[in-house]
Amino acid sequence: MLSDVRTQPFQSGPRPLSPGSRAGLGAALGLLAIVSAVELADGRTAHFLALMAAAPFLAAALASWRVVLGAGILGTAIGGSFALADPAMSLVTAVNVAGIALATAIATAVAAARQRQSERIAELSRLASVAQQAVLRPLGPQVGTLAVAARYISSTATAVIGGDLYEVMDTPYGVRMIIGDVRGKGLDAVRLASIVLGSYRHVAYERADLRAVVTDLDRAVARNVGDEDFVTAALVEERGGTLTIVNCGHPPPLLLRGGAVIPLEPPAPAPPLGFMPVVRPRVERLEPGDRLLLFTDGLGEARRDGEFFPTADRAWRLLGHGTVADGLASLETALVEWVHGRLDDDIALVLMEYAGPASGAKAPVPSWEVGAAES
């Protein structure tokens, strides 16, 4: 409905200058002030007007083209005033003033081109964020009986787009989670991640056995990748306090329990999706207060000076306090500090907490036993 459309209030008056424009304008005015002071101290003969041509270029490094034009016009006016005050104005003096005007035109054109490129990069970053949000839906804070939080840490400052993926859904077979990592980066990786998530969001509701979910996802990946492309993935199901995990070449989740950190390694290794993995489930019985961290290999590969981030050693101190969202925020802060803000790969993180069985819950039956229990 039209009444639901949100409008921005009209703002009258000039817009405030950005920090870059203020810095550029300050540098230009500072130079003009210094040259003017030198000219005044030197007497009525103009000797240093050519230096004012640098003022619009200083502004062009940071400021908008309007600010550059204003600084250049001011510089041209000041230079013209000194030239007119020179009792023996020579051709060199007139050429210097013309040079300031020419420098203003060139610097304004450069600033306009830089500003258009900056706006284009900002728009591409915004579109990348929209694309990422379309692929990775917000999670939590509660899915079924689990408290859930997720974070995506991009290795690129200009865009948050990559091939890491995650999803958590409350299905008839319990709360099901997936975390995965597509080989490669860029739009091709995002396309494959969206295919995997689209298939998972369908089959997670249709297949009672997680191994059947893996088979369906493997077919979806195989139909859409080259011979050397693949997707590592870990699929997790919580059903009445029973945790079932199948792993396709992905880093094992970490179970946080009572101060201990337990890597949930698979019973047998399996290749990534795209290479026909044959998985064996690992089953754990959850206890109230248990937390489970799912992550992509960017976390395991984060390092500084050749030393890897000690995820297992610090996981409980970072993730075991407050809410699950608080825990992930602490982990991200510690990680970024460890690598001094320079990551080699994107990182997807999902943290869930099991509070305990719901009242009136039936005896837990993991998904891989559903068929046997019903037969």
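Predicted model: local features only at pLDDT ≥ 70, side-chain atom pairs only at ≥ 80, totals over all residues.
This tour moves through the structure selection by selection, from the whole chain to single residues.

Residues are numbered from 1 along each chain as its sequence is written, and side-chain values use heavy atoms, without hydrogens and water.

**Whole protein**

Begin with the complete chain in cartoon view. The protein has ten helices and 13 strands; these are DSSP runs numbered from the N terminus, helices being H or I of at least four residues and strands E of at least two. Of its 375 residues, 43% are buried, where buried means under 20% relative accessible area, exposed over 50%, and partly exposed in between (1.4 Å probe, protein chains only). Switch to a surface: the accessible area is about 19,300 Å², and carbon and sulfur atoms hold 59% of that. Areas follow the Shrake-Rupley method with a 1.4 Å probe; for residues, only the protein chains shown count as cover. Among contacts (heavy atoms within 4.5 Å) with a separation of 6 or more, 73% are between residues 24 or more positions apart.

**Nonpolar patch**

Select Ile-34, Val-38, Phe-48 and Leu-51, which form a nonpolar surface patch with about 350 Å² of accessible area together. A patch takes residues with over 30% relative accessible area and no salt bridge, joining like charges within 9 Å and nonpolar side chains (Val, Leu, Ile, Met, Phe, Trp, Tyr) within 5 Å; a salt bridge is a side-chain nitrogen of Lys or Arg within 4 Å of a carboxyl oxygen of Asp or Glu. Phe-48 lies in the loop between helix 1 (19-42) and helix 2 (54-60) and is partly exposed, at 31% relative accessibility.

**Cis peptide bond**

Move to Gly-140 and Pro-141, which are joined by a cis peptide bond with omega of about 5 degrees. Pro-141 belongs to the loop between helix 4 (91-135) and strand 1 (142-143). Most peptide bonds are trans, and most residues other than glycine have a negative phi.

**Aromatic pairs**

Next, show the aromatic side chains. Rings of Phe, Tyr and Trp (its six-membered ring) pair if their centres lie within 6.5 Å; planes under 30 degrees apart are stacked, over 60 edge-to-face, and the rest tilted. There are two aromatic pairs by this rule. Phe-230 and Phe-275 have ring centres 5.8 Å apart and planes at 40 degrees, so this pair is tilted. Phe-230 is in the loop between helix 6 (210-222) and strand 5 (231-239), and Phe-275, 45 residues away, is in the loop between strand 8 (260-263) and strand 9 (282-285). Phe-230 is partly exposed at 23%, and Phe-275 is partly exposed at 37%.

In the other pair, the rings of Phe-309 and Trp-338 have centres 5.9 Å apart and planes at 80 degrees, so the arrangement is edge-to-face. Phe-309 and Trp-338 are both buried.

**Positive phi**

Finally, select Met-276, a residue other than glycine whose phi is positive, near 50 degrees. Met-276 is in the loop between strand 8 and strand 9 and is exposed, at 67% relative accessible area. His-340 likewise has a positive phi, near 55 degrees. His-340 lies in the loop between helix 9 and strand 13 (347-354) and is exposed at 60%.
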